[in-house]
Each structure stands twice: as C-alpha cells, then as structure tokens.
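I opened my notebook to get to know a structure that was new to me. Here is what I looked up, entry by entry.

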Amino acid sequence: MKFTKMHGIGNDYVYVNCFEETVEDPVKTAIAVSPRHFAIGSDGLILIKPSKVADCCMEMYNADGSLGAMCGNGVRCVGKYAYDHGIVDPSRTTITVETGAGIKTLKLTVENGKVSAAEVDMGSPVLTNFGKERVLVMDDYKSLSDAEIWEEIEVGGKTWKMITISMGNPHAVVYVEDTDSLEIEKIGPLFENHPRFPDRVNTEFVQVLDNHTLKMRVWERGSGETFACGTGASAVLTASTLAGFVPGKADVELLGGTLHIELREGDGHVMMTGPATEVFTGEWNE
C-alpha cells in the first residue's frame with residue numbers, strides 16, 4: 001500500500017490515494033499504521049476516494065480504528081493532495097470534498113505550483129446543549145441567553161461549565177485559566193467516555209488570551225491529545241462567540257500552530273483557514 005504522510009499544524013494522518021490503491025480493511029489498517037514508535041505514526045488514516053457528488057471523498061479513521069465524520073485539518077490536506085497530485089485540474093483553486101459531515105468547499109492557496117494553505121467552509125455549527133440540537137444563525141449569537149448556552153457536567157469530582165457544539169462531530173468546549181498546567185491525560189478520557197456523550201466526545205480546553213486570541217488543547221475521541229483539531233477550533237470559536245469572549249472571529253492557538261476561524265456574515269458558516277503540509281511518501285507492507 002502506497003501512502004503519503006501529511007499534517008495540518010501537527011494533526012497528522014496517513015493518506016492513501018484510493019483512486020489508485022485499495023484498502024481492504026481500513027479499520028485494521030488505521031490501527032496498524034498509527035502507533036508512533038512501532039509504525040508510521042499518526043492520528044489516524046484518511047482515504048482519498050472517488051466521489052459522485054464532489055471532486056473527491058475523504059474517509060477518515062481515528063487511531064483506534066473508529067470512523068470519524070469530519071476532520072478540519074485533514075480535509076485541508078485532502079485538498080492539497082488532490083491539487084498537487086492531479087486529482088483535480090490545476091486551473092481550479094476552489095474544489096469540493098465529500099465528507100461524513102457533508103460536502104465541504106475549499107479555496108486553495110497555491111504557491112509555486114503547490115498548495116500551501118486552504119480556507120474551508122465548515123458549514124453551520126449546531127448547538128447541542130442538553131441533548132437538543134439548534135442550527136445556529138447569526139442572530140442567535142446576540143439573542144440566546146446564558147441558560148440556553150451553558151450546561152453543567154460532573155467530571156472527575158468537579159462541576160464544569162461547558163458549551164457543546166457539533167461540527168458534524170461532537171465537541172464539548174470548557175474554559176480554564178491555564179491550558180499549560182492542565183492534566184489533560186487524566187481529565188480528557190473522563191469527558192470522552194462520560195455517560196452524557198453516548199457516542200463519546202471531543203473536548204476542547206480553552207484559555208481566553210484576549211478578544212481576538214484563543215488558546216486550546218484538545219482531547220479527541222479515539223485518538224487522545226492531538227496537536228490540532230480543525231473541527232475543535234471551529235467549535236471553540238463558535239462557543240466563544242456565543243459566550244461573548246470574541247466578536248465572531250479569532251486566531252486559535254493550538255499545540256501545532258494557529259488557525260484563523262471566523263463566522264461568515266450572512267449565513268453564519270464557520271470559515272477555517274490554515275496550512276497543509278506533505279511530509280513524506282512510502283509503502284506499507286501489511
């Protein structure tokens with residue numbers, strides 16, 4: 001199996017071009033390739049496949065083999081691969097990618113014939129507090145009350161206030177005074193496997209630096225702490241706007257780098273901009 005290792009600000013995956021390759025058992029393959037000291041090392045496996053409704057399809061598997069609906073950093077890398085490796089016509093710098101969370105539109109930044117970054121339309125965020133779903137529009141950011149925005153949860157013997165957002169996958173956003181001192185390896189799994197989240201949850205621990213800068217660490221379901229999470233950063237910007245911490249746009253600092261996230265005027269879609277990097281190619285002998 002030929003593969004390409006790519007990352008978006010440190011959120012790294014093993015990518016396979018399924019226009020040319022066949023992966024018989026992606027669950028088994030994801031588990032096999034992900035360990036960092038015994039295999040290629042990654043946050044999971046992403047298959048780039050043909051699509052009947054978009055330029056290509058992204059099929060994403062976490063490091064434990066579980067199927068994910070969407071990965072913001074991953075989809076930027078899929079866009080880069082599709083352009084750099086000729087899946088799409090090089091005259092086009094706006095492309096579409098089919099994901100488990102719908103079709104995503106990417107605007108590619110091309111430098112010297114290669115994609116260096118991409119802006120992704122992440123779609124409409126959904127507020128999921130108290131197990132109820134509300135697709136957010138721009139007016140909601142001014143009209144919703146604190147009681148509608150915040151939910152309390154008991155985790156690790158402590159009461160936490162959180163805002164839960166779906167970006168096609170579930171996120172719990174909580175705020176802390178200092179992300180650096182957070183014992184995420186202890187508290188992260190407790191959030192992930194809490195009974196409140198029957199399908200498990202990605203948890204973002206956020207420090208508000210100022211009204212245009214947010215700092216976060218993320219515990220991803222199925223992968224543990226990762227260097228970055230694009231859907232997580234999108235959920236953080238959404239939650240922080242609802243809470244009044246930022247005015248609808250911010251730079252979100254993650255362990256692997258910074259993403260710019262903002263709400264698009266009019267429809268309230270979350271727009272995410274960040275780099276995409278190809279690291280190396282190789283062949284995996286299963």
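**Entry 1: the whole chain**

I began with burial: buried residues make up 55% of the 286 residues in the protein chain. Buried means under 20% relative accessible area, exposed means over 50%, and partly exposed lies in between, with a 1.4 Å probe and protein chains only. I noted that this is a predicted model, where local features need pLDDT of at least 70, side-chain atom pairs count only at pLDDT 80 or more, and totals for chains, interfaces and linings use all residues. Residues are numbered from 1 along each chain as its sequence is written, and side-chain values use heavy atoms, leaving out hydrogens and water.

Next I looked up the secondary structure, which comes to six helices and 20 strands. Both are DSSP runs numbered from the N terminus: helices are H or I with at least four residues, strands are E with at least two. The radius of gyration of the protein chain is 18 Å, close to the 19 Å that the globule rule gives for 286 residues, so the chain is as compact as a globular protein of that length. That radius is taken over C-alpha atoms, and the globule rule is 2.2 Å times the number of residues to the power 0.38. Along its principal axes the C-alpha trace spans about 50 × 40 × 30 Å.

I also checked contacts (heavy atoms within 4.5 Å). Among those between residues at least 6 apart in sequence, 61% join residues at least 24 apart.

**Entry 2: strand β12 and its partners**

Which strands does β12 pair with through five bridges? I found β11, which runs antiparallel to β12, and β13, also in the antiparallel sense. Two strands pair if DSSP finds at least two bridges between them. Strand β9 (residues 126-127) is joined to β12 by two bridges and runs antiparallel to it.

I wrote down one bridge for each partner. Valine 126 has serine 166 in β12 as its bridge partner. Isoleucine 165 stands opposite histidine 171 in β13.

Then I turned to the hairpins. Between β11 and β12 there are two residues, and glycine 156 in this hairpin takes a positive phi near 60°. Between β12 and β13 there are three residues, and here glycine 168 has a positive phi near 95°.

**Entry 3: aromatic rings**

How many aromatic pairs does the structure hold? I looked it up, and there are seven. Rings of Phe, Tyr and Trp (its six-membered ring) pair if their centres lie within 6.5 Å; planes under 30 degrees apart count as stacked, over 60 as edge-to-face and the rest as tilted.

One of the pairs is tryptophan 150 with tyrosine 175, edge-to-face at 5.9 Å centre to centre and 65° between the planes. It links distant parts of the chain, with tryptophan 150 in the loop between α4 (146-149) and β11 (151-155), and tyrosine 175 in strand β13 (residues 170-175), 25 residues apart. Tryptophan 150 is buried, with a relative accessible area of 16%.

Another edge-to-face pair is tryptophan 160 with phenylalanine 205, at 6.3 Å centre to centre and 70° between the planes. Tryptophan 160 lies in strand β12 (residues 158-166) and phenylalanine 205 in strand β14 (residues 202-210), so the pair ties together parts that are 45 residues apart in sequence. I found tryptophan 160 buried at 9% relative accessibility, and phenylalanine 205 buried at 0%.

I then noted that Trp150, Tyr175 and Phe245 form one aromatic cluster.

Two lysines came up as well. A charge sits over a ring if NZ of Lys or CZ of Arg is within 6 Å of the ring centre and within 35 degrees of the ring normal. Lysine 158 lies over the face of tryptophan 160, 4.2 Å from the ring centre, while the charged end of lysine 161 sits over the ring of tryptophan 150, 4.7 Å from its centre.

Strands β17 (residues 249-254) and β18 (residues 257-263) pair in the antiparallel sense over six bridges. They form a hairpin with two residues between them, and valine 252 stands opposite leucine 259 in β18.
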